[in-house]
Every structure is written in C-alpha cells, then in structure tokens.
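Please read them with the structure open.

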Amino acid sequence: MSALAACTALLGQAAVAAEAPPSLAYASIAELQQRMDAGTLTSQALARQFIERIARIDRAGPSLHAVIEVNPEAASLAAALDAKRAGARSRGPLYGIPVLLKDNIDTGDRMLTTAGSLALADAPAPRDAGLVERLRKAGALILGKTNLSEWANFRSSHASSGWSGRGGQTRNPYVLDRNPCGSSAGSGAAVAAGLATVAIGSETDGSILCPAAMNGLVGIKPTLGLVSRSGIVPISHSQDTAGPMARSVADAAAVLGAIAGSDPRDPATAEADRHATDYTRFLDPDGLKGKRIGVVRQLAGAEPNADRILEQSIALMKARGAVIVDPVKVPHLNELGEAEMTVLLYEFKHDIAGYLATRPKTKAKNLADLIAFNRAHAAEEMPWFGQELFEQAQAKGPLTDKAYLDALAKAKRLSGPEGIDAALKAQRLDALLAPSWGPAFVTDPVLGDHVVSGDPTVGGASQAAAVAGYPSITVPAGFAHGLPVGIVLFGAKWSEPTLISIAYGFERHARAWQPPKFLDTVDGAPAVP
C-alpha cells in the first residue's frame, strides 16, 4: 500500500468531531481555526480532505504532479494535534493547519528530501530543517513534500520549470498545458489547487515569486537571514531563502511569523530574532494610504497583459491613497546578470558539498558525484535537458578565488546600496513596484521555458531583490485569458512589515484571486467539475 493510500485509510478510520466540507479546500487559516476552536472541524478531518483531494486531482484527474510525497505519518500527527488542542497553552495560527514543503527542505522523518533528483532518493535526511522545527513547534501539520524544478532549476539553462526526475512535470492548475514556473512549482500549483492550506517554497532568484504569480498566489521572498536555511538543499548562501506561498496575504503573513527567527545552524540569521515578529499585525485594510510607491518602468513593456494589469493596479493604489512616483529608475539593473551567475556557480559547488556532508547515508558526497550519477542514469535524469550548469560550477575554484570575491562584491553593491537603496532614498519611497512575469507560458520540455519578464536585458522583477538579499512579495492582480497575473513589490532590507501592509491594502480592494478551473487549454473545457 502506498503512503498516500495508507494515510487515506487511516484518516478514514479516525474518529473525528466533524467532516470537512469541500469548500474548506480553499478556506483561510482564520476560517479553519474558527471551525476547529468551535469543535466543528478537526485536523484529522482536514488532513483527510486534502489527502483525498491529492489522490483525486494530483494523482488522477488533471494529474498535476504537484505533490511528490504524502507524509505517511499525517494521520497520527493530526490525531496527536487534535488530542492536545484543548490543553495547548499558546496556540498559534498554524496549529493543526496542513502545510506542504518543497522537496528540498529536510524532514527528519520517513519522507525523502531529494531536490527532485533520484541521486538523493537513497535515504531520508537525519534531521528537520530549521524552519521545519519552527513549524512543528507552532503545531503545523507537515502534510507532505511538493515537486520542484530539479535542483531548484540550477542544472540546465534549457530546463522545463516544474520538471524533476523524481516527480515528473508539474502542471498549472489554471490551464493544464501551461507551466507553473519554477523552481517552487509544486508548492505553487498545490496551494492554488486546494491540496493544502499553505506551502513553503524557496528562492534564489524568482523561485517563490514566479510560481506564486503564475499560480495566482501570494508569495513572500524574505530578507536573507530572516528565515533559516539549515537543512535546505542549497544553491547559494548569499541569495537562498525560504518563504511562504498562500492564497492570501493574511495566510502568508501568518506562516512567515511562524518560520522567521535566528538559528545557530545558519549564521546568516544572527539578526533575525531582532526583526522577526507576528506579521499579521501589519494587515492594515488602509495599508496603501500615504505609502510612497515607485513604479520601475525598466521592468515593464515586455508583456502587454502584465502591463495592462500593472496600470490597473496603479490606478487602484492611487484611488486608495497611495502616492505613486512614476517612473522610478533603479540603477544598475542591467549590470547584475554576469556577476550573479558567477557567484551562483562558485557557491553551488561549495554549498552543495557542505549540504551533502549532513546526509551521511546518501552516496553522493560532492558535485562531481552528482554529475556522475546523472550520466549513469541519463535515461531517467536527462531525457529532456542536460547538466551544463553543474559542469560549469564544477569547473570553478574555491571561494577564495578573486573572480568570485570580485563578482560577489559587485553584485551586492550594485543591487543593494547603489541599486534598490539608492532608488528608495532618492524619492523617499516605501516600496518599489513592478509587473510580474505575465501569464504562464506553455510547458515545452523540448525547448525549455519561454519566460517573458521585463526588459530582456535584465533579470526581471525578482533579480535586484534576490541579489541584494532584500524582501519582495507578489500579489494576485488580475487575469489574462484565464491565467493569473500578479504585481511584485520590493523594498529595503527588513522591510517585510511595510510590504505586507501595502500588499494587504491592495489585496483587500483588488479582490483578484479566483480558484482554478483546471482548463485543458486556454479555450478548453474544465478538467475537474
């Protein structure tokens, strides 16, 4: 019996106070907590609904391939949470709430952590990632792992986002032949499809923001160092971070508050406890009023649907009291790409070896081993695209190389102090605004992704904040031919409260979220009744 079938059977046998009606697939954290506090819903019933929905929609039906593994202990964990609910002294908003984790986040249980690669499928991780420890402490139910672009989209520049050797190709639940974007593709598709209440993604550059935008979600890419990276399969210690993906700003803020904080296993989080807070305090319906928001026109003009929705969003913001400064120039946007890639190649070779050292039961010990594994298992791992990024990284030297140190210094300086910070200071801005990536592109395993993102000479809406290590948030803003389109807000280091306040004020009045219809094509019929 599979883990999915076993969990479904166990949860079906459990004695629960009430059944979870179908509408709760898209219920908010606050709605679910109200029901559980009233005794009309249990975590067991909620988990059963999601597991059954995964079986019906993700495994069968549209076959989204968003969930790579269901937690075989979900039933017992849910029962334990229900038993302790009444006696829990300080229950946070995530108590009993099902959460999915991207499959590059360690769990010290029976589930695997593989980054989508068969090379890491030989043994589970020995310990929870730092953020998972925090989720468990908050009472969250770890429901399973989500599919992703293998190795977080850092194996080949010709990859199809959302594809992994272990999980196959994730599909966008709004239109099934469209791509969910990567690398947190499964996390985005799963939450959009109502397979869990919330999920955790990770980002090096765009891997939370893009799948959130293309799946109609809110995604928060936190300040680097606010959320621990310990126990997360890395690309780059100077850019990697994990963050929440949810259907509302309120839910994303609740998750961020649960996972933020210092962790001795991640030195970058030394200042996190001084900044981490309950981010739901900043859910201000008038969060737009008086905020000075700069429009980065350098990141517009490439995709007409994104531009149209940007203009509508600007009009709404003005109507709700925001001060719009348009345009605002962010210096050096077209100078970041080469330095960023140099940094990522050097750091990946170094950081992946450090991570593999924490997985003693895994045969691969370094990047060279992973390259060899892919060559030996090319039919399973490289049917569509190769591993040229792996090979380029393997050719790099140590982190003491001048080429690396110069590239790192340049990338940080141009993106942060001389880039985002300079733009904010020049116009006394609270945040910067850009269109997202536009509607989802068609999945193409042969030629890879066809992303349209801002000026083709720059990295798009995510790059500057990603390289600087500054926070950003995407919010649903409209639709184009049945496909969601978002806007992206970014700002100074540790400015999550301001961004959340602006995003919530926008969301409250835009009301742009709609559930997916699982269309087969943009003009097709729904695949799920």
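This is a predicted model: local features need pLDDT of at least 70, side-chain atom pairs count only at pLDDT 80 or more; totals for chains, interfaces and linings use all residues.

1. Two strands are taken as paired if DSSP finds at least two bridges between them. Strand E6 (residues 198-203) and strand E8 (residues 241-246) are joined by 5 bridges and run antiparallel; within this pair, Ile200 has Pro244 of E8 as its bridge partner.

2. Helix H5 (residues 130-137) packs on the sheet, where it touches strand E2 (98-102), strand E3 (141-146), E6 and E8, and its direction makes about 175 degrees with that of E2. Helix H7 (residues 185-192) also packs on the sheet, in contact with E1, E2, E3, E6 and E8, and the direction of H7 makes about 155 degrees with that of E6.

3. The sheet as a whole is open and is formed by 11 strands with mixed pairing, in the order E1-E3-E2-E6-E8-E7-E12-E13-E11-E9-E10. Its edges are strand E1 (67-70) and strand E10 (323-325), each of which pairs on one side only, and from one strand to the next the twist averages 30 degrees.

4. Turning to the helix pair, helix H9 (residues 249-259) packs with helix H18 (residues 496-510) at an angle of about 160 degrees, their axes being 9 Å apart. Because angles over 145 degrees count as roughly antiparallel, H9 and H18 are therefore described as roughly antiparallel to each other, and H9 passes H18 in a left-handed crossing.

5. At this contact, Val249, Ala253 and Leu256 of H9 meet Glu496, Ile500, Ala503, Tyr504 and Glu507 of H18. Sorted by class, the contact of H9 with H18 has 6 nonpolar and 2 charged residues, with no polar ones.

Conventions:
Residues are numbered from 1 along each chain as its sequence is written. Side-chain values use heavy atoms; hydrogens and water are left out. Axes are lines fitted to C-alpha atoms, for helices over the stretch in contact, and angles run from 0 to 180 degrees between N-to-C directions. Helices (H or I, at least four residues) and strands (E, at least two) are DSSP runs, numbered from the N terminus. Angles under 35 degrees count as roughly parallel, over 145 as roughly antiparallel, 65 to 115 as roughly perpendicular and the rest as oblique. A crossing is left-handed if the near helix is turned anticlockwise from the far one by less than a right angle, and right-handed if clockwise. Contact means heavy atoms within 4.5 Å. Ala, Val, Leu, Ile, Met, Phe, Trp, Tyr, Cys and Pro count as nonpolar, Asp, Glu, Lys and Arg as charged, and the others, Gly among them, as polar.
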